[in-house]
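Good morning, and thank you for making time on the agenda. I would ask you to keep the sequence and the model in view while I speak.

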Amino acid sequence: MRAVIQRANGASVTIEGRVNAEFGGRGLMVLLGVEESDTPEDVEWLAHKICNLRIFDDEAGVMNLSVKDIDAMTEHREGNVIVVSQFTLFASYKKGNRPSWLRAAGHEHAIPLYEAFLAQISTALGKPAGHGEFGANMGVKLTNDGPVTIVMDTHNRE
(Lines give C-alpha, C1' and ligand atoms only; values in the text may rest on other atoms or scores of the structure.)
Protein backbone atom coordinates (compact mmCIF):
# COMPACT_ATOMS: atom_id res chain seq x y z
CA MET A 1 0.00 0.00 0.00
CA ARG A 2 1.11 3.48 -0.73
CA ALA A 3 -0.30 6.58 0.95
CA VAL A 4 0.17 10.28 0.46
CA ILE A 5 -0.69 11.94 3.79
CA GLN A 6 -1.39 15.66 3.74
CA ARG A 7 -1.89 17.77 6.86
CA ALA A 8 -4.82 20.00 6.06
CA ASN A 9 -6.82 22.94 7.30
CA GLY A 10 -10.05 21.85 5.73
CA ALA A 11 -10.64 19.25 3.02
CA SER A 12 -13.45 17.74 0.97
CA VAL A 13 -14.17 15.14 -1.68
CA THR A 14 -17.00 15.69 -4.17
CA ILE A 15 -18.57 13.06 -6.44
CA GLU A 16 -20.89 14.09 -9.27
CA GLY A 17 -21.50 17.50 -7.74
CA ARG A 18 -22.30 16.30 -4.21
CA VAL A 19 -19.99 16.55 -1.22
CA ASN A 20 -19.28 13.02 -0.04
CA ALA A 21 -17.00 14.01 2.86
CA GLU A 22 -15.57 17.22 4.28
CA PHE A 23 -14.03 18.73 7.35
CA GLY A 24 -13.07 22.18 8.53
CA GLY A 25 -10.23 22.74 10.92
CA ARG A 26 -7.19 20.50 11.18
CA GLY A 27 -7.09 16.95 9.87
CA LEU A 28 -5.57 14.64 7.29
CA MET A 29 -6.28 13.96 3.64
CA VAL A 30 -5.00 10.48 2.76
CA LEU A 31 -4.66 9.35 -0.85
CA LEU A 32 -4.40 5.55 -0.78
CA GLY A 33 -3.15 3.17 -3.45
CA VAL A 34 -3.43 -0.61 -3.17
CA GLU A 35 -1.29 -3.09 -5.08
CA GLU A 36 -1.76 -6.81 -5.67
CA SER A 37 0.82 -7.87 -3.08
CA ASP A 38 -0.84 -5.94 -0.23
CA THR A 39 -2.25 -7.84 2.76
CA PRO A 40 -4.42 -7.17 5.83
CA GLU A 41 -1.17 -6.77 7.79
CA ASP A 42 -0.27 -3.85 5.51
CA VAL A 43 -3.65 -2.28 6.27
CA GLU A 44 -3.12 -2.58 10.00
CA TRP A 45 0.44 -1.22 9.94
CA LEU A 46 -0.39 1.75 7.71
CA ALA A 47 -3.58 2.77 9.54
CA HIS A 48 -1.77 2.61 12.89
CA LYS A 49 1.18 4.61 11.57
CA ILE A 50 -0.99 7.34 10.04
CA CYS A 51 -3.24 7.78 13.08
CA ASN A 52 -0.23 8.07 15.39
CA LEU A 53 1.95 10.22 13.12
CA ARG A 54 2.95 13.28 15.16
CA ILE A 55 2.75 16.04 12.55
CA PHE A 56 0.47 18.60 14.24
CA ASP A 57 1.85 21.46 16.31
CA ASP A 58 1.55 21.46 20.08
CA GLU A 59 1.22 24.62 22.20
CA ALA A 60 4.94 25.33 21.70
CA GLY A 61 4.66 25.13 17.90
CA VAL A 62 6.48 21.79 17.72
CA MET A 63 5.14 18.92 15.59
CA ASN A 64 4.32 16.68 18.52
CA LEU A 65 0.63 15.79 18.18
CA SER A 66 -1.15 13.12 16.14
CA VAL A 67 -4.54 13.45 14.48
CA LYS A 68 -5.95 11.53 17.46
CA ASP A 69 -4.36 14.00 19.90
CA ILE A 70 -5.89 17.08 18.28
CA ASP A 71 -9.27 15.31 18.15
CA ALA A 72 -9.16 14.62 21.89
CA MET A 73 -8.08 18.22 22.64
CA THR A 74 -10.89 19.78 20.62
CA GLU A 75 -13.73 17.35 21.38
CA HIS A 76 -14.20 16.04 17.82
CA ARG A 77 -14.20 19.45 16.11
CA GLU A 78 -10.83 18.65 14.58
CA GLY A 79 -8.75 15.56 14.00
CA ASN A 80 -10.72 14.28 11.04
CA VAL A 81 -9.43 12.08 8.24
CA ILE A 82 -10.62 11.68 4.66
CA VAL A 83 -9.36 8.67 2.69
CA VAL A 84 -9.52 8.66 -1.11
CA SER A 85 -8.58 5.65 -3.22
CA GLN A 86 -6.00 6.50 -5.85
CA PHE A 87 -4.65 3.71 -8.04
CA THR A 88 -2.48 6.23 -9.92
CA LEU A 89 -0.03 6.19 -6.99
CA PHE A 90 1.34 3.05 -8.63
CA ALA A 91 2.04 4.64 -12.00
CA SER A 92 4.98 3.18 -13.90
CA TYR A 93 6.52 5.74 -16.23
CA LYS A 94 9.75 4.04 -17.31
CA LYS A 95 8.72 3.44 -20.92
CA GLY A 96 7.27 6.24 -23.03
CA ASN A 97 5.00 8.99 -21.81
CA ARG A 98 1.82 7.09 -21.04
CA PRO A 99 1.86 5.70 -17.48
CA SER A 100 1.04 2.08 -16.80
CA TRP A 101 -0.85 0.98 -13.70
CA LEU A 102 -0.10 -2.74 -13.85
CA ARG A 103 1.05 -2.78 -10.21
CA ALA A 104 -2.23 -1.34 -8.95
CA ALA A 105 -4.58 -3.95 -7.55
CA GLY A 106 -7.78 -4.86 -9.35
CA HIS A 107 -11.15 -4.13 -7.76
CA GLU A 108 -11.58 -7.62 -6.32
CA HIS A 109 -8.39 -7.27 -4.25
CA ALA A 110 -8.30 -3.52 -3.66
CA ILE A 111 -11.86 -2.82 -2.48
CA PRO A 112 -11.79 -5.15 0.57
CA LEU A 113 -8.40 -3.72 1.64
CA TYR A 114 -9.59 -0.13 1.08
CA GLU A 115 -12.70 -0.81 3.18
CA ALA A 116 -10.62 -2.50 5.89
CA PHE A 117 -8.31 0.54 5.93
CA LEU A 118 -11.31 2.87 6.38
CA ALA A 119 -12.56 0.68 9.23
CA GLN A 120 -9.13 0.68 10.94
CA ILE A 121 -8.84 4.48 10.67
CA SER A 122 -12.40 4.94 11.99
CA THR A 123 -11.75 2.61 14.92
CA ALA A 124 -8.51 4.38 15.81
CA LEU A 125 -10.19 7.80 15.64
CA GLY A 126 -13.32 6.69 17.48
CA LYS A 127 -15.47 8.24 14.73
CA PRO A 128 -16.08 7.59 11.03
CA ALA A 129 -13.37 8.58 8.58
CA GLY A 130 -14.60 10.49 5.56
CA HIS A 131 -14.04 8.82 2.23
CA GLY A 132 -14.41 8.97 -1.47
CA GLU A 133 -15.98 6.30 -3.63
CA PHE A 134 -13.79 3.55 -5.02
CA GLY A 135 -13.44 3.90 -8.80
CA ALA A 136 -15.38 7.18 -9.02
CA ASN A 137 -14.18 10.39 -10.63
CA MET A 138 -13.77 12.66 -7.61
CA GLY A 139 -13.01 16.30 -6.92
CA VAL A 140 -10.55 16.50 -4.04
CA LYS A 141 -9.93 19.84 -2.34
CA LEU A 142 -7.77 20.70 0.60
CA THR A 143 -5.76 23.48 2.09
CA ASN A 144 -2.41 21.86 2.75
CA ASP A 145 -1.18 23.13 6.11
CA GLY A 146 2.54 23.87 6.22
CA PRO A 147 2.64 22.40 3.66
CA VAL A 148 3.19 19.03 5.26
CA THR A 149 3.00 16.03 2.92
CA ILE A 150 4.37 12.58 3.75
CA VAL A 151 4.52 9.50 1.52
CA MET A 152 4.41 6.04 3.12
CA ASP A 153 4.77 2.67 1.45
CA THR A 154 4.14 -0.56 3.36
CA HIS A 155 6.77 -2.32 1.25
CA ASN A 156 9.40 0.25 2.17
CA ARG A 157 8.92 0.86 5.89
CA GLU A 158 11.37 3.52 6.96
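This is a predicted model: local features need pLDDT of at least 70, side-chain atom pairs count only at pLDDT 80 or more; totals for chains, interfaces and linings use all residues.

Let me begin with a question: does Val34 count as buried or exposed? Val34 has a relative accessibility of 6%, so it counts as buried. Its place is in the loop between β2 and α1. The C-alpha atoms of Val34 and Ser12 are separated by 21 Å, and these two residues are 22 residues apart along the chain.

I turn now to the overall architecture. The chain contains three helices and seven strands. Their order along the sequence is β-β-α-β-β-α-β-α-β-β. The radius of gyration is 15 Å, close to the 15 Å that the globule rule gives for 158 residues, so the chain is as compact as a globular protein of that length. The C-alpha trace spans about 50 × 40 × 30 Å along its principal axes. Of the 158 residues, 46% count as buried.

Next, helix α3. This helix has 19 residues, and the distance from its first C-alpha to its last is 26 Å, close to the 27 Å expected at 1.5 Å a residue. Which residues of α3 are buried? They are Ala110, Leu113, Tyr114, Phe117, Leu118, Ile121, Ser122 and Leu125. As background to that spacing, an α-helix has 3.6 residues a turn, so residues three or four places apart point the same way. After α3 comes Gly126, which has a positive phi, near 80 degrees.

That brings me to the aromatic residues. A pair of aromatic rings is described by the distance of the centres and the angle of the planes. How many aromatic pairs does a search of the whole structure find? The search finds two. One of them is formed by Phe87 and Trp101, in an edge-to-face arrangement with 5.5 Å centre to centre and 75 degrees between the planes. Phe87 and Trp101 both lie in the loop between β5 and α3, 14 residues apart. Trp101 counts as partly exposed, because its relative accessibility is 33%.

The other pair is Tyr114 with Phe134. Their ring centres are 5.8 Å apart and their planes stand at 55 degrees, so this pair is tilted. Tyr114 lies in helix α3 and Phe134 in the loop between β6 and β7, so the pair ties together parts that are 20 residues apart in sequence. Tyr114 counts as buried because its relative accessibility is 4%, whereas Phe134 is partly exposed, with a relative accessible area of 25%.

I move on to the pockets. Rolling a probe the size of a water molecule over the atoms shows where empty space is left. The largest pocket has a volume of about 340 Å³. Its lining consists of 20 residues, and those nearest its centre are Ser85, Gln86, Phe87, Gly135 and Met138. By class, the lining has 12 nonpolar, eight polar and no charged residues.

The second largest pocket holds about 160 Å³ of space. It is lined by Trp45, Lys49, Val151, Met152, Asp153, Asn156, Arg157 and Glu158. Both α1 and β7 supply at least two residues of this lining, with the largest share, three residues, coming from β7. Here the classes are three nonpolar, one polar and four charged residues.

Finally, two details of the backbone. Most residues other than glycine have a negative phi, and most peptide bonds are trans. Glu16 is found in the loop between β1 and β2. With a relative accessible area of 79%, Glu16 is exposed.

That concludes my presentation, and I thank you for your attention.

Definitions and conventions: Residues are numbered from 1 along each chain as its sequence is written. Side-chain values use heavy atoms; hydrogens and water are left out. On a 1 Å grid over the protein atoms alone, a cavity is a set of points where a 1.4 Å probe fits but cannot get out, and a pocket is an open set with protein on both sides within 12 Å along at least five of seven lines; lining residues have an atom within 4 Å of a point. Grid points are joined across faces, edges and corners, and a volume is the space filled by probe spheres set on the points. Ala, Val, Leu, Ile, Met, Phe, Trp, Tyr, Cys and Pro count as nonpolar, Asp, Glu, Lys and Arg as charged, and the others, Gly among them, as polar. Helices (H or I, at least four residues) and strands (E, at least two) are DSSP runs, numbered from the N terminus. Rings of Phe, Tyr and Trp (its six-membered ring) pair if their centres lie within 6.5 Å; planes under 30 degrees apart count as stacked, over 60 as edge-to-face and the rest as tilted. Buried means under 20% relative accessible area, exposed over 50%, partly exposed in between (1.4 Å probe, protein chains only). The expected span of a helix is 1.5 Å times one less than its number of residues. The radius of gyration is taken over C-alpha atoms; the globule rule is 2.2 Å times the number of residues to the power 0.38.
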